[in-house]
Amino acid sequence: MPETSAADLLRLDDLTVAFDEVTVVDRLSLRIRRGETLALVGESGSGKSVSALGAMGLLPDNARVEGGRWLGDTDLARLRGRDWQGLRGGRVGFVFQEPMTSLNPLHTVARQIGETLRLHQGLTGRAARERTRELLVQVKLPRPDELLDAWPHQLSGGQRQRVMIAMAIANDPELLIADEPTTALDVTVQREILALLAELRDRHGMGMLFITHDLNLVRRHADRVCVLFQGREQETGPVAEVFASPLSPYTRLLLDAEPEGRPAPAERGAPLLQAHRLGVRFQRPKRLFARRPPAFEALRPLDLAIAPGETLGIVGESGSGKTTLALALLRLTESHGEITFGEERLDRLSGKALRRQRRRFQVVFQDPYGSLSPRLPVSEIISEGLRFHYPELAEEEVVRRVQATLREVGLPEDCASRYPHEFSGGQRQRIAVARAIILEPEMLVLDEPTSALDRTVQKQLVALLRDLQARRGLSYLFISHDLAVVRAMAHRVMVLRDGEVVEQGECLAVLEQPRSDYTRALVAAAGLSPRLGQG
Amino acid sequence: MAAPLSTTLAGRFSPITRRRFGVFRANRRAWVSLWIFAALFAVSLAAELIANDKPLVMKYDGQWYLPLLVDYPETEFGGFLPTRADYHDPFVQAQIEEHGWALWPLIPFSYQTLDMQMMRPSPAPPDARHWLGTDDQGRDVLARVIYGFRLSVFFALVLTAGSLVMGVLIGGIQGYFGGKTDLIGQRLTEIWSGLPVLFLLIILASFVQPGFWWLLGIMLLFSWLGLVDVVRAEFLRARNLEYVRAAKAMGLTPPLIMWRHVLPNAMVATLTFIPFLFTGAITTLTALDFLGFGLPPGSPSLGELVAQGKNNLHAPWLGITAFVSLSLMLSLLVFIGEGLRDAFDPRHIQHAASPTPPPRNLRDA
């Protein structure tokens, strides 16, 4: 029996979780003291969330949880039915990743929070409302009196997450489990939420289990860290020690995974793509007999130019108009202004003439799961454009090119007859790249191609993209909110906010000496590690 | 030449399709219903071989005859009239008996054969000669049920296929292009759906004799309306999916994108709808026949049998036969429809999943 210090709040001894005989977490032991944040770090599928859920008995019936788990001096393994209800939401609070789906859309804020108060403290009516208001003040929501009666859809992502936190701390829990609490949020909001969590932890003397995949956040917001890889504990220790001298090779790999290096310098030739006063307006709906409200300016008129072999990075938070810009350049959404690609005025083309030009500029989207049709085998997905634009090609030639392209993006050739669901996120993204480059385009629009991927996979994809650029002289329009990736990819950057260009210039210059406050805030929140690869 | 592009038999269908097929098969009621229905339909397709008023094969004076396929005059068998031979005529039967033999179908009556050798008044109750009795004109009920079943199913098949083509086409165009196309299309379909189908049919019946194809045409004008909403909604959703965007960015033409990328995903909702279109078509045809606005008199129709049952309450075998055959057919179709719906319901897959171990990539999912 390992000795128990009075300060240990949560203790897991050799926690093992298995689903139908497949072990997902293998003998994980950890302790959390009061007032301390322990970060559980790993890539997707490493068993981070499963171990937290398993410890709290929140897994479905086909999961088998073994090993000792103690909260204070309560043996969690012995709890049954009703005992759990008092514990979850009472002594243990949860904050989940997805602020969009973790609030019931049909309940107001006061009702959602009031429910936990009623269940655990028996507060109702005025008392519950009073306490709810107090909680909203604690999580620093503006205008708490108004927000009490707000519906979830009226709140922004960050505000929703604050409501979730208010719910989690409503009953003064001893332990707060935050499962990727900021992953769905913009970087500047991320920082505020994590600061709030730290403050609440100190004020209430809670222990906090912080589950994340983002080492940058761990570095700044956790006291101790436990690294998981494929369900096994790699190492545990104080953050400073682990970051300074990682013991396990996996931790070293993870720490090393920030995309580094710089793209090969591009020659400045005549621009390949030029946009002049390009803007996008969305008409708002008009009510009967009412005057039409002014159109929504998703993208204010801007100019840009991309030279052959050059990468222009587009940076901004959600809603800044990055993707709208990409769609406008691709002529996939209505826009106004001039777009010149090579010699052609794209904005004047339509129908067949436009479709013929399309093979010269291709696109890779963000979501590796949504961007490949689930019903077609990989060979069909990749060869589709080729067959359409070059119907004269013989079947053997198509097959040969598909094979060559698969090789080029680093996929095994035998994957041609398989279906997208058999591949991991990184491999799917490679398939999407293959689909784009088989047409031998001159430019690729990359819309957040790396943001759904793990860091180590991101790094490989960035390397692949840079390699393709060097070999084929491709121009990239690279959209991302992740400055580390942008730094590794882009020659020049353009910072967007609310559809407007805030700042643009040489990539390193902008990131190192930002001129506008907004860029400065972005750079600060991104926590870029100072080491720079040599370009 | 590299071969991996060729697909094996197992790879012919996408994994989703295969899983759905598995779920459908696991639903025993639907699976058995499908087989029973298929068997019944197959039998009714061969109705001419099972219930007919002509022998299948016969030998007469050392010569082979195929009355099923060829019309022979009565003079051929020693008669006096150069008209088509009536093989039920006692004289002809006696001649055949004398000069050779004849192989009769299981039920020696077609759907419109009037049994002239009946000793009892029509409608006659079931006996060894007429297994389900005869109707009020002396026609064999079993023969009429077999032919009527075939006619109903065939009508429903053509109507469903037609509605499917029109509904998917119109709904797809509305959904894929959206905006003004959608708005105008929706208003037009709404106006169209306001037309009263039954009255149209009644009016039609007053100046033409509505035959099979007439009825089908009129019904087809309206039966696709139910599908439009489903297909349109699916297309509206799918047109913003990233792989559809990627296909647009690749420069594919809208028809090609709709066909290859959007339709396969919209088919789920559509296929779920089909069995219900099918039963609806059968019910409507039966109802029209029952009311007398349907197929021309003399056609083998289940609706007409229901009407006869109602008019001859003293002959319960008519009503009971109509009821049993209709309810059996519709129940089978509803069971099949339920099975299909469950097979396409993603939430259902977990419950029906076979006890095979989870895929190995669950760990790194």
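This is a predicted model: local features need pLDDT of at least 70, side-chain atom pairs count only at pLDDT 80 or more; totals for chains, interfaces and linings use all residues.

**Notes on the model**

1. Ala264(A) is found in the loop that runs between helix 10 (249–255) and strand 11 (273–282) of chain A. Ala264(A) has 13 C-beta neighbours inside 10 Å and therefore counts as partly exposed. The C-alpha atom of Ala264(A) is separated by 45 Å from that of Val22(A), and the two residues are 242 residues apart along the chain.

2. The next point concerns the division of chain A. Three domains are assigned: domain 1 (8–255), domain 2 (296–360 + 442–454 + 463–528) and domain 3 (371–440). Between the C-alpha centres of domain 1 of chain A and domain 3 of chain A there are 41 Å. An unreviewed UniProt entry places the annotation "domain: ABC transporter" on residues 10–255 and 280–523 of chain A. Over residues 280–523 of chain A, the chain is 38% helix and 23% strand, with the end C-alpha atoms 27 Å apart.

3. The buried residues include Gln159(A), Arg160(A), Val163(A), Met164(A) and Ala166(A). Among the elements that cover the buried residues of helix 6 are strand 6 (92–95), helix 3 (109–121), helix 4 (125–138), strand 7 (175–179) and helix 7 (187–204) of chain A. As for its length, helix 6 (residues 157–169) reaches 19 Å from its first C-alpha to its last, close to the 18 Å expected at 1.5 Å a residue.

4. Glu180(A) has a positive phi of about 50 degrees although it is not a glycine. For comparison, most residues other than glycine have a negative phi. A residue is buried if 20 or more other C-beta atoms lie within 10 Å of its own. Glu180(A) has 19 such neighbours, and so counts as partly exposed.

5. Because 5 of its 6 residues are buried, strand 19 of chain A is largely enclosed by the rest of the structure. Strand 19 pairs with strand 13 (residues 311–315) of chain A in the parallel sense, over 4 bridges. In this pairing, Ile314(A) has Met494(A) as its bridge partner. Strand 19 also pairs with strand 20 (residues 500–506) of chain A, in the antiparallel sense and over 6 bridges. Here the bridge partner of Arg492(A) is Glu506(A).

6. Which residue takes a positive phi in the hairpin of strand 19 and strand 20 of chain A? The residue is Asp498(A), with phi near 50 degrees, in a hairpin that has 2 residues between the strands. Asp498(A) is placed in the loop between strand 19 and strand 20 of chain A. With 15 C-beta neighbours inside 10 Å, Asp498(A) counts as partly exposed.

7. The nonpolar cores form the next topic. The largest nonpolar core has 144 residues, and those with the most contacts inside it are Ile314(A), Leu329(A), Val445(A), Leu477(A) and Phe478(A). Helix 5 (residues 141–177) of chain B gives the most to this core, with 15 residues. Leaving aside residues up to four places away in sequence, Ile314(A) touches Lys322(A), Leu325(A), Leu477(A), Phe478(A), Ile479(A), Met494(A) and Leu496(A). A second, separate core of 69 residues includes Ala39(A), Ala166(A), Ala170(A) and Leu254(A).

8. The last point turns to chain B. Its assigned parts are domain 1 (20–46 + 143–347) and domain 2 (53–104). Taken over C-alpha atoms, the centres of domain 1 of chain B and domain 2 of chain B are separated by 43 Å. In an unreviewed entry, UniProt lists residues 153–177, 189–207, 213–231, 268–295 and 315–337 of chain B as "transmembrane region". Over residues 153–177 of chain B, the chain is 100% helix and 0% strand, and the end C-alpha atoms are 35 Å apart. Over residues 268–295 of chain B, the chain is 86% helix and 0% strand, and the end C-alpha atoms are 34 Å apart.

Notes:
Residues are numbered from 1 along each chain as its sequence is written. Chains are lettered from A and ligands numbered from 1 in the order in which they are written. Domain bounds come from an automatic or database domain assignment. A residue is buried if 20 or more other C-beta atoms lie within 10 Å of its own, exposed if 12 or fewer, and partly exposed in between; C-beta atoms are placed from the backbone. Two strands pair if DSSP finds at least two bridges between them. UniProt positions are given in the numbering used here, feature names are shortened, and annotations may be inferred rather than shown by experiment. A nonpolar core is a set of buried Ala, Val, Leu, Ile, Met, Phe, Trp, Tyr and Cys residues joined through C-beta atoms within 7 Å. Two residues are in contact if their C-beta atoms, placed from the backbone, lie within 7 Å. The expected span of a helix is 1.5 Å times one less than its number of residues.
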